Each structure stands twice: as structure tokens, then as C-alpha cells.
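Please keep the sequence and the structure at hand while reading.

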Amino acid sequence: MIRRVVLALDDRLGTAHFMRKALRKAFPDHWSFMLGEIALYCFVVLLATGTYLGFFFDASAQPITYNGSYPSLHGIQMSAAYASVLRLSLDIRAGLLLRQIHHWAALVFVAAITVHMCRIFFTGAFRRPRELNWIVGLVLLILALGAGFTGYSLPDDLLSGTGLRIAYSVLLSVPVVGGYLAFLFFGGDFPATQTIGRLFFTHVLVLPALLVAAMAIHLGMIWRQKHTQFRGPGRTENNVIGSPLWPNYAMKSVGLLFAVAAILTALGAFFQINPIWLYGPYNPANVSSPAQPDWYIGWLEGALRLGPSWDWQIFNHTIPAPFFAGVLLPLVFFTLLFVWPFLERRITHDGQPHQLLDHPSDVPWRTGVGAAVLAFAIVLTFAGSDDVQAKIVGISVERLVNLYRIMLLVLPVAVGLLTFQFARELRARRNALAEAGTRIAISRTDSGGFAEQPEKDARRP
Amino acid sequence: MTARIWGIATAFSVSVLGSALFAAAYALHSGPQWEGLGLFVALGALGLGIVLWAAFAIPAEQVVDVRDDYPSDRDERSEAEAALEHGLAEIDRHGFLTKVLLAALGALGVAALFPLRSLAPGFGQGLYRTKWRRGARLVRENGVPVRASDLAVGSILTVFPDGYVDDASSQTLLLRLPPGVLAARPERRNWSPQGYVAFSKVCTHAGCPVGLYRASTYQLLCPCHQSVFDVAHAARPISGPAARALPQLPLEIAGDGYLQAQSDYTEPIGPGFWQRA
Ligand code: HEM
Ligand code: FES
């Protein structure tokens, strides 16, 4: 049977050569190489759950008066979109479960992408010949952020509507073209009736299609270039050592798919997320306090809060405050990420291809820079919920904001320098050990004593 | 060996039970927790079984791949380059045609931009004007107009122009201040009859409704990024990221005792944008 399939395919397509090599392809084993896979499997879960949700979601701003199964909202005006998510959550069996899995999967998806990116950065996996895939990966991150934000905005509840209002103002703040951009994305002045339909189409077709395309390129390049590997016995710049794709790696990876799906299911089943029936429908004159976005928007929320209160008047034109924190900062941030492989090459004058990975302590300065940037993003993220913290700690938001502004400038520098120093010491210690290992070996003499003897084949770790 | 096989078989059997639990929970309307528990067990046990299988029932194996796929050898590279250049040279022999071709492609590209216009409808008025007009009555969210005698000193109310309840950009905060609190600018002296003042409720930072009021200090607070506006001084921002005061709506009291607007806001409300002078 198997023989017949293999032969039939090869007769027609000549697949045997590819198959022989592909099935025995080596996949290096390291826990950190699972991060990208986890992201991929989150995406699989998103597609599966999202498809179910899509059949029930009504992407319409049509105002209706609610008289469904949730008494607290009876008689309240809401959009058909919000009502459809209420029905999906409260009336349709398995609807709430799948909605919550979908939302958790989105959060873990972006988290997995982010940690995966950190792995690539701190091990130098972005270096030649993999600069292109670093760029494709960043595109994937941006697409995932877009998918998350558009999805979060679909239910048209009070929380997501507030987020949209802010996004609209941020777009509006762009010099020269801001107004056109905002109208282009929202379909008119906020709140426009067309917005939900556009968000829906973008969320379920445009972004997933782009994500699939970019993932195909991403994985295709990995396949072609072969995986990097950490240093180790027998591993060189010219080989890859690992489990064969078939059956070892394939089995493990399918197991991981089900494990990821299981964990996301458990999160969706037991940890309530985005209970939109408690927030109520969006109403432009209301806002809930405190309002928190999903975690991956936190750094932008924090930037808007800490941002300077500038309102620049230039030749009878305005550049308002949200531009600096909401547009310029992320623009600089992502530009820096995009050019990093080329920037680093400029700095190190190292244009050689690298198939062996760095240990983060091998390159202290890069690790220090990465740690500083992470610290910056983390301070911003925490600042994104400063009102909640102020309430808990019992100090005024104004003072906390000032504290965060100082931390935003000081902490990244401190963290970067400490990490740099730590990595250097780690490297020095490792080198010392390695050198010691090459110099001395001790053996028992016939008389029962010890003797040093030069060791020729001592391994460097 | 057999113990391992049995362990893996048990995992798959547990997964079957999980699927059954999910189906039963669905059929019995048991809610997301039971459905989720079933699905979790079904997926988790399946994953566990497969991972155990891979780890214990398939011999570990290491293979070595040699990296010889790229870069290609020197001849291959120069032949690829030559092939590309050959084609380009062929095309370029008709340099004139190339230019016309590029012009045609460019025109198509520009033409394709036109439909974008339909995606961004009527940019303009909405950003500059609200629905407030001279003589528009102030009404509450339920449409009931406000009389000058209605509000106690110190209270606050969200109002809209009559006929436009819930209009997002017209939402306005009406406050009644005790005498002597308001430090009105000279040109706004007659905008606040009997201590009534009205400010746009749309935050000048990023457009959230400025929904919180600290009556003791006459401060309005935006819950989105915590901008604070000082009502007594023309709602100027005193902390947070907002840079501009909330625009003030000129009020008057009509002959019948109802509050109404003298005009629209005298400047664009809400967050700033490039075309705003
Ligand atoms: C590509 C990655 C994706 C991400 C990051 C993502 C994220 C999200 C998020 C955060 C929500 C809000 C859910 C909630 O309120 O609980 C959402 C809603 C939704 N998503 Fe996705 N999603 C993705 C892909 C998809 C796909 C591929 C589909 C359909 C084929 C889909 C269909 C939907 C629908 C219909 C809703 C609205 C219903 C609701 O809110 O309950 N999503 N998405
Ligand atoms: S929208 Fe009011 S402070 Fe940002």
C-alpha cells in the first residue's frame, strides 16, 4: 500500500528524491526551538475556534434594543454586533468556551511570538544568512498585533470601543495625512457605522491570509536554510545534528500541538476573559474606569500615559501629543528592530555566515542592549496600568507617572549595564574553565599518587 | 517495555473519556467549564500519549545533515547572473518600448489608487463642527431639556444638543459652579449664566469621554490616560498627557428658563490633528 502510494506519486511528480531527504531531515533538539512552534500552534487554534465564532458574529452597527436572555441588559440600546456576541456567549452551547479559548490563544500567540523573537535575538540567530527571515518574523509580529487588536475591537463593548476611540485619535495625529488615514481605516468620523464591517473583514480575512502567507515564507526559509544549532560535540558550521523529521520530530511536534491546544482549552474553560456582558455596549459618552487593554497593547497604552503633553503648532498646523507617544515611538522601535541585523554587522564588521548560535553571554554588548530594550518595553507596559497601581499603593497617579518617567530613562540603562557586566563575567568564567580543561588532566600513578599529564583531546565546552 | 506501552494506551483511553465528557456536557447544556474540562482532557491526554510514544516507544536517533545546499558553486552563480542579464539586455534593446511600458504600468498604479477615495468618505466638516447651533437646547441623555433652576450648585451633567442625543462629538459636560469659583476670561464673561459652564466632554488628548469629576477641587479627570482639567480656569490641563483645554460651549438662558447654546464651539473639539490651526 505505502509502496504503491510512493511509487504512484514518484511516477507522476518525481517526489522520491525529495521525500527521502525530507523525511530524514535533521531537527536539532533544544527547548527554545519550540517557541516558534508554540506560536504556530496557537495560530492553528485561532483558526479553528475563530471559524466557529465567525458563523455567529454579526458585523453590523445596526442599533437594536436588547431583549435576550441576559436580564441586566434588557431594554438597553446596543449594536447588532454586541448583541450577537452576547448570544454567542450566553445562549449558544460551546460558544463561550470557544470564544474564551480564542481570546486566550490570541494572548499566548503574541506572547509566544515575542519570546521566540527574544530567543532569535539573544542567540544571534538573525545573523547572515538569516536576516531576511528576521524581517519576515517582524512582519508576522506586526500582523499578529493587528489581528489581536482588530479581534479585540469586534464585540463593540464599552472597553473595546474606548480602545478604538484612542486608536482613531492616534491615527488622526499623524502629520499631513492623519485625517485621511483615520477616515480610511474607520470609514468616516468616529464612531462611523462602517467601522465594524471593516474590522471584521480585516480580522477574519485580510490579516489571517497575510499571516498564512508570511508564515509560509518564514517556514519555507527555515526549511531551505536548515536550523541553526548551539555549539556542542560534533556540531560545526557545516552540519546540523538532530532528530530525524520522521518519525521522531514529527511525533514530538504533533504531541506539542495537542498540548498547546489542551492548555489553551483549560485557560478558556476555567479563566474568564473579556466578559463583555459585564462591560455593557459601547456608548461614546461612557467609559469604564479602570480600562485595560490586552497585554500586548500595554506598552503603547503606557507610552500614551507617560508621553509628553506636547501640542506643537507649526505654520498654522498642529502635531498633537498622541503622535509622539503613539506613532513616533513605535515607529522608531520597529525600525530599530528591522535594521538590527545590518546595524550589528556595521558595528562588529562581521559579515560571515553563522550557523552556530551564540550563548547570550558570548556577546555581552548585544545581550546588554537587548536587556535594555526589554526593560524599556516592560516599564511602559507597567505604566499602562498606573491608575490601578496608584489606587492599590495609595499614592496619586500624578506622582506615579513622574516616577515612571524617571524609571523609563534610568532603568533601561541600569539593566543594560548590569546585564552586560554579568554576561562578561559569565563568559570569563567559562573561558577560564575551558582553558583549565585543556591544560591539566590528572591520572593515578602506579604507586597510588596523582600526576598531571598534558591532555591532547580535551574538549572545549 | 510493556509497562510503557500500557501507559501510552492509558493516555489515549483517557482521551476517549474526555471526548465523551465533552459530548455529554454539550448535550446536557452543562456550561463552559464542563465542556472545557472534557475538551481539555481529550486534547491533553492525546498530546501526552503522543509525546510519551515519541519519547519511550520510538528509539532516539540522531541524524547529521550537511549544509551543502547554499551558496551554489561559482559557475552556477555566474550562469544565473548571465541568464538574468541576457534577458534584461534583450528587453532593453528596445529602450523606447521599456519606457512606454513603465509609463503604462505607472498609470495603472495611479488609477488603482482612485478607489481608495471611496474608502475614506467626506473628510472635513465632522472634525471641525459639532451639532451645537445657536439656540440649541441642552438636553439630558433621556432627551429631557435642562432648565436653569434644575441643577444644584456643585452638580454635573452630561448633555447633548436637542435632537442629537448620543452624538459622540457633541457630548458636553454641564456644571454649575458656586459664585466666585470661575475665573472666566474677559471674552467669555457672558458664556456662563448663573454659574453654569459647559465644556466638551471629548478629551483633547485622545478623545475619551472625560468622565470623572472631583467636586472638591473642581477638576475633571479623563479615565483613559489620567489627564486632569481645571474647571475653574477654562478647563486647562494641569496634569497628564493632554496639552489643550477642553473647549467651552457658550451658554445662555432662554426666556422660558431653558438652557441653550449661543453657538457651536468656537474651536474644533477633541484630539488635535494636522489641519487644526
Ligand atoms: C490570526 C490571529 C488571530 C488573533 C490574534 C485573533 C484575536 C482575536 C481576539 C483577541 C478577539 C476578541 C475575542 C473576545 O472578545 O473574546 C477575536 C474575536 C474574533 N475572532 Fe479572532 N483572532 C485571530 C484569528 C481569527 C480568525 C482566523 C478568525 C476567523 C476565521 C477569527 C474570528 C474571530 C471572530 C468572528 C471574533 C469575534 C467574536 C467574539 O468576539 O467573540 N479570528 N479574535
Ligand atoms: S484620552 Fe483623555 S487622557 Fe488620553
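## A charged pair in chain B

With a relative accessibility of 38%, Arg185(B) falls in the partly exposed class, and Glu187(B), at a relative accessible area of 49%, is likewise partly exposed. In this predicted model, these two residues form a salt bridge with each other, in which the closest N and O atoms lie 3.3 Å apart. In chain A, salt bridges with shared partners link Arg127(A), Glu344(A), Asp358(A) and Arg366(A) into one network. Over all chains, the search of the whole structure returns 20 salt bridges.

Which residues form salt bridges with Arg305(A), one being Glu301(A) and another Asp387(A), and are they buried or exposed? Arg305(A) itself has a relative accessibility of 1%, and it therefore counts as buried. Glu301(A) is buried as well, and its salt bridge with Arg305(A) has a closest N to O distance of 2.8 Å. Both residues of that pair belong to helix H12 of chain A (residues 298-306), where they are 4 residues apart, or about one turn of the helix.

The salt bridge between Arg305(A) and Asp387(A) has its closest N and O atoms 2.9 Å apart. Because Arg305(A) lies in helix H12 of chain A whereas Asp387(A) lies in helix H15 (residues 386-393) of that chain, this pair ties together parts that are 82 residues apart in sequence. Asp387(A), with a relative accessible area of 9%, is also buried.

| Salt bridge | Closest N and O atoms |
|---|---|
| Arg305(A) with Glu301(A) | 2.8 Å |
| Arg305(A) with Asp387(A) | 2.9 Å |
| Asp311(A) with Arg244(B) | 3.2 Å |
| Glu187(B) with Arg185(B) | 3.3 Å |

## The interface of the two chains

The size of an interface is often given as the accessible area lost when the parts come together. Between them, chain A and chain B bury about 6600 Å², of which 62% is on carbon and sulfur atoms. In chain A, the residues that lose the most area to chain B are Arg93(A), Phe183(A) and Met251(A), which together make up 10% of what that side buries. In terms of contacts, 86 residues of chain A meet 72 residues of chain B.

The polar side of this interface comprises 3 salt bridges, among them the one that Asp311(A) forms with Arg244(B), and 29 residue pairs in polar contact, counted where both residues have pLDDT 80 or more. Helix H10 of chain A (residues 245-270) supplies 15 residues, the largest share of the side of chain A that touches chain B. Sorted by class, that side has 42 nonpolar, 26 polar and 18 charged residues.

## Strands within and between chains

An open sheet of 3 strands also joins the two chains, with the order S1(A)-S4(A)-S1(B) and antiparallel pairing. Strand S1 (26-27) of chain A and S1 of chain B stand at its edges with a single partner strand each, so one side of each has no neighbour in the sheet. Between S1(A) and S4(A) there are 2 bridges, and Phe27(A) stands opposite Ser243(A) in this pairing. Strand S4 (residues 239-244) of chain A is joined by 4 bridges to strand S1 (residues 63-66) of chain B, with Gly242(A) opposite Val63(B).

Elsewhere in chain A, strands S5 (residues 311-314) and S6 (residues 317-320) run antiparallel and are joined by 4 bridges, with Gln313(A) standing opposite Thr318(A). These two strands form a hairpin with 2 residues between them, and Phe315(A) in the turn has a positive phi of about 45°.

Thr130(B) lies in the loop between helix H6 (125-128) and strand S2 (138-139) of chain B, and because its relative accessibility is 4%, it counts as buried. Its side chain makes a polar contact of 2.6 Å with that of Asp264(B). Beyond neighbours within four places in sequence, Thr130(B) is in contact with Ser169(B), Ser170(B), Asp264(B), Tyr265(B) and Ile269(B).

Chain A as a whole contains 16 helices and 8 strands, and its C-alpha trace spans about 95 × 65 × 50 Å along its principal axes. Of its 461 residues, 50% count as buried. Among the contacts in chain A with a separation of 6 or more, 72% are between residues 24 or more positions apart.

Definitions and conventions:
Residues numbered from 1 in each chain as written. Chains lettered and ligands numbered in written order. Predicted model: local features only at pLDDT ≥ 70, side-chain atom pairs only at ≥ 80, totals over all residues. Heavy atoms only, no water. Contact = heavy atoms within 4.5 Å. Buried area = accessible area lost by both parts, 1.4 Å probe. Salt bridge = Lys/Arg side-chain N within 4 Å of Asp/Glu carboxyl O. Polar contact = N/O pair within 3.5 Å; in protein donor to acceptor, adjacent residues only side chain to side chain. Nonpolar A, V, L, I, M, F, W, Y, C, P; charged D, E, K, R; others polar. Pairing = 2+ DSSP bridges. Buried < 20%, exposed > 50% of the residue type's maximum accessible area, 1.4 Å probe, protein only.
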